[in-house]
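Here is a brisk report on a protein assembly with DNA. Read it with the structure at hand.

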Number of protein chains: 2
Amino acid sequence: MSKAHHRKKHPEAVRQQLLEVAARLSLEKGPGSVTLDAVSQAAGVSKGGLLHHFPNKLSLLDGLFSDLTEKLDRVLAEKMQSDPEPKGRFTRAYVAVFFVPEGMDDSEQWKVLTIALISEPHLRERWRQWVERHLAENIGTDSSPDSVLVRYAVDGLWLADLLGAPTLDAETRTAMLGRLLALSRS
Amino acid sequence: MSKAHHRKKHPEAVRQQLLEVAARLSLEKGPGSVTLDAVSQAAGVSKGGLLHHFPNKLSLLDGLFSDLTEKLDRVLAEKMQSDPEPKGRFTRAYVAVFFVPEGMDDSEQWKVLTIALISEPHLRERWRQWVERHLAENIGTDSSPDSVLVRYAVDGLWLADLLGAPTLDAETRTAMLGRLLALSRS
DNA sequence: GACAAGAAACCGTCCAGACGGTATGTTTTA
DNA sequence: TAAAACATACCGTCTGGACGGTTTCTTGTC
C-alpha cells in the first residue's frame with residue numbers, strides 16, 4: 001500500500017473499473033454503445049489493456065454477468081439470513097432487492113443485467129440457469145402460486161422502471177409493497 | 001385489381017415485409033443483428049429498396065414501433081368491447097393479450113417491442129407516452145392498486161418469457177390467470 | 001537482499017470487415 | 001411522361017480484434 005505516487009498497478013481494480021464502465025454505458029446510452037473503444041477509453045485504459053483482461057467482447061459481457069449475479073447472490077443471501085420466517089423468505093429478499101425507490105444507486109446496477117440479457121441471446125441461457133437454481137434451492141418455501149405472483153409483479157415494476165414508464169406515486173408504491181409482503185406469507 | 005399474373009408491385013406489402021423481418025431478426029438473433037443489410041436481404045429487397053421505404057435506420061425502428069403499437073391498440077380495443085363489466089376492463093384486455101400460452105404467434109410480435117424499447121433509448125419516450133395515454137384513458141376503471149398490480153404481474157411473466165426463463169406448468173398458469181382476473185374485479 | 005528471468009499488466013498501431021448512408025441508375029405504375 | 005418503386009455501386013466511419021512492443025510485478029537462486 002501507500003505507493004500511490006509510484007503509480008503501482010492494480011489489475012483487479014482496473015478489471016472492476018472496466019466492468020463498471022461497461023455497465024454504466026449500457027445503462028445510459030443503450031447496449032449498442034458498449035464498444036471496446038468506448039469502454040476502454042472511458043475506463044482510462046487502452047484497448048490493448050482491455051483486451052488483456054477480457055480476450056474478446058463476449059467475455060467482457062460474460063464477466064459483467066458473473067459480476068452482477070455474484071453480487072446479487074450475496075445481497076439476497078444477506079437479506080434472507082435476517083428474515084426469521086422461512087416461508088416466502090426468498091421472495092421477500094427478492095422484493096427487498098428489486099422493489100426499491102428509484103435512484104437508489106444499488107438498484108441501477110441490476111438494470112444492466114436485464115439490458116444485457118435482452119440484447120445478448122447468449123446470456124439468456126446463463127440466466128435461465130440462475131433462475132432454475134434459485135427456484136430449486138427455495139422450492140419448499142417459495143413455490144406457492146402467491147409467491148410466484150409476487151415475484152412476477154416485482155419484475156413487472158422493475159421493467160416499467162427500466163423503460164422509464166411513468167412512476168408510481170409514493171403512496172401507491174408503499175401500499176403495494178405491503179401487499180406484496182403480505183402475499184409472500186399467505 | 002387481380003393483376004397478380006403481372007407481378008404487380010406491392011409497396012405496402014414490401015413495407016410490411018421489411019417490418020416483419022426486422023422484428024423476427026431482433027427476436028431470434030438479438031437487436032444487434034438488425035442491420036440494414038440483414039433486414040433488406042432477408043426480406044428479399046435490395047438495401048436501396050429498404051432505404052426507399054425507410055430513409056434511415058431510426059425510421060425503420062420507429063416504423064416498427066408504430067406498427068406494433070397500432071396493432072396492439074386495435075387488439076386491446078377489441079377485447080375491451082367484448083367485456084361487459086367496466087371495472088378493470090382495460091386490465092383484463094391487457095391480461096388477455098399478454099398472458100397467453102407460449103408459442104401463440106401473436107404474442108411473439110409484442111416481444112419485439114420490448115426488445116426494441118430496451119435497446120433504443122430513443123423509443124422509450126414514445127413508450128412512456130403510450131403508457132401515459134392508456135393510463136389516462138382508463139383512469140376511472142383501471143387505476144385501483146389491484147389493477148396496477150395485476151398489470152405488473154403480467155409484465156413480469158412477460159419478461160420471464162422473453163428471457164427464456166423456465167416455463168410455468170400449465171396448471172399454475174391457469175390458476176394464476178384466474179387469480180389475476182379476479183383481482184381485476186376487486 | 002541482490003539480481004536474473006520469466007510472467008503479468010498494459011500500450012499503440014494496424015487491418016479486414018461490417019455498418020449506415022449517398023448517389024445514380026433502371027424499371028414499373030399511374 | 002412524371003413520379004414512385006426499386007436496384008447497383010460506392011464511400012467514410014466504426015468496430016472487433018490481432019500483434020508486437022514496453023513496463024511492472026513476482027519468484028527463485030545465491
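## A helical residue and its surroundings

A:Leu113 sits in helix α6 of chain A. Helices here are DSSP runs of H or I with at least four residues, strands are runs of E with at least two, and both are numbered from the N terminus. The model is predicted: local features need pLDDT of at least 70, side-chain atom pairs count only at pLDDT 80 or more, and totals for chains, interfaces and linings use all residues. Residues are numbered from 1 along each chain as its sequence is written, while chains are lettered from A and ligands numbered from 1 in the order in which they are written.

Is A:Leu113 buried or exposed? A:Leu113 is buried, because 21 other C-beta atoms lie within 10 Å. The cut-offs are 20 or more such atoms within 10 Å for buried, 12 or fewer for exposed, and partly exposed in between, with C-beta atoms placed from the backbone. The C-alpha atom of A:Leu113 is 7.0 Å from that of A:Leu68, 45 residues apart along the chain.

A:Ser186 lies in the segment after α9 of chain A. A:Ser186 is exposed, with 11 other C-beta atoms within 10 Å. A:Ser147 is 39 residues apart from A:Ser186 along the chain, and their C-alpha atoms are separated by 8.4 Å.

B:Trp127 belongs to helix α7 (residues 121–137) of chain B. B:Trp127 is buried, with 21 other C-beta atoms within 10 Å. Leaving out residues up to four places away in sequence, B:Trp127 touches A:Leu163 and B:Leu117. Contact requires C-beta atoms, placed from the backbone, within 7 Å. The C-alpha atoms of B:Trp127 and B:Thr114, 13 residues apart along the chain, are separated by 9.6 Å.

| Residue | Class | Other C-beta atoms within 10 Å |
|---|---|---|
| A:Leu113 | buried | 21 C-beta atoms |
| A:Ser186 | exposed | 11 C-beta atoms |
| B:Trp127 | buried | 21 C-beta atoms |

## Chain A as a whole

Chain A has nine helices and zero strands. Its C-alpha trace spans about 55 × 35 × 35 Å along the principal axes. Of the 186 residues in chain A, 32% are buried. Among contacts between residues at least 6 apart in sequence, 68% join residues at least 24 apart.

Chain A is divided into domain 1 (1–55) and domain 2 (61–185). These bounds come from an automatic or database domain assignment. The C-alpha centres of the two domains lie 27 Å apart. Their contact takes seven residues from domain 1 and 10 residues from domain 2. On the domain 1 side there are six nonpolar, one polar and no charged residues. Here Ala, Val, Leu, Ile, Met, Phe, Trp, Tyr, Cys and Pro count as nonpolar, Asp, Glu, Lys and Arg as charged, and the others, Gly among them, as polar.

UniProt, in an unreviewed entry, places "domain: HTH tetR-type" at residues 12–72 of chain A. That span is 79% helix and 0% strand, with end C-alpha atoms 20 Å apart. An unreviewed UniProt entry also places "DNA-binding region" at residues 35–54 of chain A. Those residues are 70% helix and 0% strand, and the end C-alpha atoms lie 13 Å apart. UniProt positions follow the numbering used here, feature names are shortened, and annotations may be inferred rather than shown by experiment.

## Chain A against chain B

How many residues of chain A are in contact with chain B? There are 36, meeting 36 residues of chain B. On the chain A side, α6 (105–119), α7 (121–137), α8 (145–162) and α9 (170–185) each supply at least two residues. α8(A) gives the most, with 12 residues. This side of chain A divides into 23 nonpolar, six polar and seven charged residues.

The same surface serves both copies, as 100% of the contact residues of chain A recur in chain B.

## The surface near DNA strand C

There are 21 residues around DNA strand C, and A:Ser46, A:Gly48, A:Gly49, B:Thr35 and B:Asn56 come nearest. A residue is near a strand if its C-beta atom, placed from the backbone, lies within 6 Å of it. α3(A) gives the most to this surface, with four residues. The surface divides into five nonpolar, nine polar and seven charged residues.

Technical notes: Contact = placed C-beta atoms within 7 Å.
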